[in-house]
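This report describes the fold, the helix packing and a few single residues of one protein model. The sequence and the coordinates are shown first.

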Amino acid sequence: MKTYIEIIRDLREDHDKTQREISEYLGTTQATYSRYEKGENEIPVRHIIALCKYYHVSADYLLGLK
């Protein structure tokens, strides 16, 4: 099973988006978003919700839950 770290990276790449584009959508810096994808920082709930809306996926999917 994939982790949410792998899922957010895969979703971004599947949609041909850069980290900068996603970070701007979230209202954060590219460096902060990069740390989310590396697992160095935990992603805030508000960003999880925003990413679910952006990619049209459920929170369960984004978090790697069945």
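What pattern does the protein chain follow when read along the sequence? The pattern is α-α-α-α-α, and the protein chain has 5 helices and 0 strands. The radius of gyration of the protein chain is 11 Å, close to the 11 Å that the globule rule gives for 66 residues, so the chain is as compact as a globular protein of that length. That radius is taken over C-alpha atoms, and the globule rule is 2.2 Å times the number of residues to the power 0.38. Helices (H or I, at least four residues) and strands (E, at least two) are DSSP runs, numbered from the N terminus.

This is a predicted model, in which local features need pLDDT of at least 70 and side-chain atom pairs count only at pLDDT 80 or more, while totals for chains, interfaces and linings use all residues. Residues are numbered from 1 along each chain as its sequence is written, and side-chain values use heavy atoms, with hydrogens and water left out.

**Overall dimensions and burial**

The C-alpha trace of the protein chain spans about 30 × 25 × 20 Å along its principal axes. Of the 66 residues, 35% count as buried; buried means under 20% relative accessible area, exposed over 50%, and partly exposed in between (1.4 Å probe, protein chains only). Among contacts (heavy atoms within 4.5 Å) between residues at least 6 apart in sequence, 57% join residues at least 24 apart.

**Buried faces of the helices**

In H1 (4–14), the buried residues are Ile7, Ile8, Asp10, Leu11 and Arg12. Their cover includes H2, H3, H4 and H5. H3 (30–38) buries Thr32, Tyr33, Ser34, Tyr36 and Glu37, and these residues pack against H1, H2 and H4. In H4, burial applies to His47, Ile48, Ala50, Leu51, Cys52 and Tyr55, which pack against H1, H2, H3 and H5 (59–63).

**The contact of H2 with H4**

Helix H2 (residues 19–26) and helix H4 (residues 45–55) pack at an angle of about 115°, with their axes 10 Å apart. Axes are lines fitted to C-alpha atoms, for helices over the stretch in contact, and angles run from 0 to 180 degrees between N-to-C directions. On the H2 side, Ile22, Tyr25 and Leu26 meet His47, Ala50, Leu51, Lys53, Tyr54 and Tyr55 of H4. The residues of this contact divide into 7 nonpolar, 1 polar and 1 charged. Here Ala, Val, Leu, Ile, Met, Phe, Trp, Tyr, Cys and Pro count as nonpolar, Asp, Glu, Lys and Arg as charged, and the others, Gly among them, as polar.

**The nonpolar core**

Which residues of the largest nonpolar core touch the most other members? Of its 14 residues, these are Ile8, Ile22, Leu26, Tyr33, Leu51 and Leu62. H1, H2, H3 and H4 are the elements that give two or more residues to this core, and its largest share, 5 residues, comes from H4. A nonpolar core is a set of buried Ala, Val, Leu, Ile, Met, Phe, Trp, Tyr and Cys residues joined through side-chain atoms within 4.5 Å. Not counting residues up to four places away in sequence, Leu51 touches Ile8, Ile22, Leu26, Ile43 and Leu62.

Ile48 is found in H4 and is buried, with a relative accessible area of 14%. Leaving aside neighbours within four places in sequence, Ile48 is in contact with Ile43, Leu62 and Leu63. Ile48 and Leu26 are 22 residues apart in sequence and 9.5 Å apart in space, C-alpha to C-alpha.

Ser23 lies in H2 and counts as buried because its relative accessibility is 1%. Beyond four places in sequence, Ser23 touches Thr28, Thr29, Gln30 and Tyr33. The C-alpha atoms of Ser23 and Asp60, 37 residues apart along the chain, are separated by 21 Å.

**Positive phi after helices**

| Helix | Residue after it | Phi |
|---|---|---|
| H1 | Asp16 | near 55° |
| H3 | Gly39 | about 80° |
| H4 | His56 | about 60° |

Most residues other than glycine have a negative phi. Asp16 is not a glycine; Asp16 lies in the loop between H1 and H2 and is exposed, with a relative accessible area of 68%. His56 is likewise a residue other than glycine, found in the loop between H4 and H5, and counts as exposed at 72% relative accessibility.
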